[in-house]
Amino acid sequence: MPVIRFVREGRDVECYPGENLREVALREGIELYGWKGKLGNCGGCGQCITCFVELPESTSPLAMTGRTAVEDQKLRGRPQNWRLACQALVQESLLVLTRPQAGMANKDAAMATALAQPLGAGPTEWPTPPAAEEPDGEEPDGAVADGEESDQTATSGEGS
Ligand code: FES
């Protein structure tokens with residue numbers, strides 16, 4: 001039941017368990033990229049190193065999937081609590097600071113305030129897609145509509 005609290009933007013966003021953080025942010029209109037990433041980013045391949053996010057030190061290790069090999073390589077020299085949004089799948093509710101490289105004047109206070117507020121409950125599983133409608137007269141799974149005999153039924157009485 002993940003809810004992502006985007007601290008810089010002051011927004012709570014629901015997502016489904018296992019959703020990619022970058023994709024959720026883009027879907028919700030959250031700006032992930034600084035000027036370099038806006039000029040050009042890799043589209044989520046883990047190559048441009050522009051989709052940084054910072055997690056509070058207290059974030060549960062279960063909140064996101066672990067650092068990928070790409071992140072281990074690309075985030076060398078960066079703080080341990082930074083991630084590449086495109087490499088992270090959200091598993092539990094958490095706080096995220098986008099564009100940590102840009103700084104934030106009241107960051108510590110904003111993080112403390114955000115941490116003090118409980119996170120709401122989000123969805124627990126992916127929604128079930130609606131069942132596809134069958135063309136007129138046809139029933140799903142070979143079932144026969146009322147009043148009609150299937151070929152099998154029609155021929156089963158022959159010869160007896
Ligand atoms: S979008 Fe390029 S590294 Fe994440």
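1. Helices (DSSP runs of H or I, at least four residues) and strands (DSSP runs of E, at least two) are numbered from the N terminus. On that basis the protein has five helices and seven strands, and from the N terminus on the elements run β-β-β-α-α-β-α-β-β-β-α-α.

2. The model is predicted: local features need pLDDT of at least 70, side-chain atom pairs count only at pLDDT 80 or more, and totals for chains, interfaces and linings use all residues. Residue numbers start from 1 along each chain as its sequence is written.

3. Confidence is given as pLDDT, the predictor's own score for each residue, from 0 to 100. The protein has a mean pLDDT of 86, with 83% of its residues at 70 or more. Among the elements, S5 has the highest mean pLDDT (98) and H5 the lowest (46). Over residues 152-160 pLDDT stays under 50, and the model has one contact beyond four places in sequence for this stretch; a contact requires C-beta atoms, placed from the backbone, within 7 Å. Where pLDDT is low, the predicted coordinates should not be read in detail.

4. Burial is judged by counting other C-beta atoms, placed from the backbone, within 10 Å of a residue's own: 20 or more is buried, 12 or fewer is exposed, and anything in between is partly exposed. Of the 160 residues in the protein, 21% are buried. Among contacts with a separation of 6 or more, 70% are between residues 24 or more positions apart.

5. Five strands form an open sheet with mixed pairing, in the order S2-S1-S7-S4-S5. Strand S2 (11-14) and strand S5 (82-84) are at the edges with a single partner strand each, so one side of each has no neighbour in the sheet. Direction ignored, neighbouring strands are turned by 35° against each other on average; the axes are lines fitted to C-alpha atoms, for helices over the stretch in contact, and angles run from 0 to 180 degrees between N-to-C directions. Pairing here requires at least two bridges found by DSSP between two strands.

6. S1 and S2 run antiparallel and are joined by four bridges. Val-3 stands opposite Glu-14 in S2. The two strands form a hairpin with four residues between them, and Gly-10 in the turn has a positive phi of about 65°.

7. S1 also runs parallel to S7, joined by three bridges. Within this pairing, Ile-4 has Leu-94 as its bridge partner, and Phe-6 stands opposite Val-96. S4 pairs with S7 in the antiparallel sense over two bridges, with Val-53 opposite Thr-98.

8. Which residues of S7 point one way, and which the other? Leu-94, Val-96 and Thr-98 point one way from S7, Leu-95 and Leu-97 point the other way, and all are buried. In a regular strand the side chains alternate between the two faces of the sheet. Five of the five residues of S7 are buried, so the strand is largely enclosed by the rest of the structure.

9. The largest nonpolar core has 24 residues, and those with the most contacts inside it are Ile-4, Leu-21, Cys-51, Val-53, Ala-85, Val-90 and Val-96. Strand S1 (3-6), helix H1 (21-27), strand S4 (52-54) and strand S7 (94-98) each supply at least two residues of this core, and S7 gives the most, with four. A nonpolar core is a set of buried Ala, Val, Leu, Ile, Met, Phe, Trp, Tyr and Cys residues joined through C-beta atoms within 7 Å. Not counting residues up to four places away in sequence, Cys-51 touches Arg-22, Leu-32, Tyr-33, Gly-37, Asn-41, Leu-84, Ala-85 and Cys-86.

10. Most residues other than glycine have a negative phi, and most peptide bonds are trans. Ile-49 has a positive phi of about 55° although it is not a glycine; Ile-49 is in the loop between helix H2 (35-39) and S4. Arg-99 has a positive phi near 50° and is in the loop between S7 and H4. Ile-49 counts as partly exposed, with 19 C-beta neighbours inside 10 Å, and Arg-99 is partly exposed with 19 other C-beta atoms within 10 Å.

11. Ala-121 is in the loop between helix H4 (107-116) and helix H5 (151-156). Ala-121 has 11 C-beta neighbours inside 10 Å and so counts as exposed. Ala-121 and Ser-93 are 28 residues apart in sequence and 8.1 Å apart in space, C-alpha to C-alpha.

Definitions and conventions. Contact = placed C-beta atoms within 7 Å.
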